[in-house]
Amino acid sequence: MAGFAGRLARCWYSGFLRSPLQVPALGLHVGGPAMQTSQKDFNNAVSQLKLLKEDPGNEVKLKLYALYKQEAARQNYVDLVSKLSASSESPSPEAPAADRKQPESDSLVVTSGDGITTIRLNRPTKKNALTTQMYHDIIAALQAASKDESPITVLTGSGDYFCSGNDLTNFTSLPAGGPEEMARSSAVLLRDFVNCFIDFPKPLVAVVNGPAVGISVTILGLFDVVYATDRATFHTPFSHLGQSPEGCSSYTFPKIMGSSKAAEMLLFGKKLTAQEACAQGLVTEVFPDSTFQKEVWARLKAYSKLPPNAMRISKQIIRDREKEKLHAVNAEESNVLRERWLSDECMNAIASFLSRKSKL
């Protein structure tokens with residue numbers, strides 16, 4: 001899913017919308033020849049768009065895409081980017097601080113105390129959607145936690161969501177190598193990200209504080225314990241987006257819940273409640289939302305007092321025999337996704353998704 005960058009970027013620049021007329025009514029106003037801008041101004045606008053400090057949202061980006069594809073509408077494109085740039089440089093003084101984009105370093109908060117290292121996704125206003133930088137940050141956080149003195153490591157989220165999957169508004173630019181290079185590099189990032197969970201040597205606990213989507217669900221099979229609030233849901237809408245499973249879920253889910261239950265999630269995108277996920281073995285225990293935080297953290301603090309070497313060695317005995325298999329599955333899933341991200345089926349599915357989102 002890290003490679004969603006490849007998919008969406010290709011959507012922007014490779015014309016998966018066969019005509020701008022496929023975009024929902026967005027109030028496009030196309031001028032005549034007198035309105036055409038110079039190539040220099042247009043190139044400057046394309047570059048300026050990448051420097052925006054605030055995300056303009058899916059609807060505006062769909063409008064920009066439509067303008068980009070129409071030669072006669074490039075003056076409109078330049079004007080719209082200029083307006084967005086001015087707005088980004090001068091945010092409204094009335095806007096609450098929570099609504100402004102935080103620096104990427106604030107999107108992940110890592111703390112240690114009471115024998116627990118906590119890695120907290122910290123984009124509550126974006127439902128803790130993962131940016132590409134967050135993938136890198138989580139890898140670094142896991143590598144550091146594997147060597148620190150805390151016996152237990154926890155992954156959780158801030159606010160109402162555990163994680164809503166990938167941030168679709170992130171992926172608006174292509175590397176020099178084009179869509180193929182982006183798909184390749186994104187597949188490598190995904191593989192490295194999942195490998196960190198496979199290789200993590202200490203007890204790894206997911207504290208699922210709300211709904212979980214996509215990659216935040218598929219990696220749960222690599223955790224040692226998963227605690228969830230009764231408000232949590234678990235959704236893997238891969239087929240809806242023309243994609244295939246990742247996070248070793250093509251192997252771990254059938255093993256955990258049986259092949260038919262796993263297929264219902266991974267093929268058909270069935271969303272599970274916390275109770276259903278627990279009954280199928282994906283979740284260890286479900287707690288009432290009103291007491292979730294208090295009960296879970298009290299339990300984890302008690303567990304953190306257990307002999308750390310004994311826990312590490314026990315995990316090694318449980319997990320090591322499958323590491324080679326998991327790495328092989330992860331590599332295969334990443335390679336398959338790389339191909340899926342460049343397919344017409346995937347691009348058209350994402351186009352449809354973005355069109356629906358723009359109407360909300």
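The second largest cavity of this predicted model is lined by Leu121, Leu130, Ile138, Leu155, Phe162, Cys163, Phe193, Phe197, Ile215, Ser216 and Ile219. A cavity here is a set of points on a 1 Å grid over the protein atoms alone where a 1.4 Å probe fits but cannot get out, and lining residues have an atom within 4 Å of a point. Helices α6 (178-199) and α7 (215-218) each give two or more residues to this lining. By class, the lining has 10 nonpolar, 1 polar and no charged residues. The space inside is about 60 Å³, and the structure holds 2 cavities of 30 Å³ or more.

Now to the sheet. Its 6 strands form an open sheet in the order β1-β2-β3-β4-β6-β9, with mixed pairing; two strands pair if DSSP finds at least two bridges between them. Because β1 (108-113) and β9 (285-287) each have a single partner strand, one side of each is left without a neighbour in the sheet. Strands β3 (residues 152-157) and β4 (residues 204-208) run parallel, joined by 4 bridges, and Val154 has Val205 in β4 as its bridge partner.

| Helix | Strands | Angle |
|---|---|---|
| α5 (residues 132-145) | β1, β2, β3, β4 | about 180° to β2 |
| α11 (residues 292-303) | β2, β3, β4, β6, β9 | about 160° with β6 |

Helices (H or I, at least four residues) and strands (E, at least two) are DSSP runs, numbered from the N terminus.

Residues are numbered from 1 along each chain as its sequence is written. Local features need pLDDT of at least 70, side-chain atom pairs count only at pLDDT 80 or more, and totals for chains, interfaces and linings use all residues, while side-chain values use heavy atoms, with hydrogens and water left out.

Conventions. Contact = heavy atoms within 4.5 Å. Axes fitted to C-alpha atoms, helices over the stretch in contact; angles between N-to-C directions. 1 Å grid on protein atoms, 1.4 Å probe; cavity = no way out; pocket = protein on both sides within 12 Å on 5 of 7 lines; lining within 4 Å. Points joined across faces, edges and corners; volume = space filled by probe spheres on them. Nonpolar A, V, L, I, M, F, W, Y, C, P; charged D, E, K, R; others polar.
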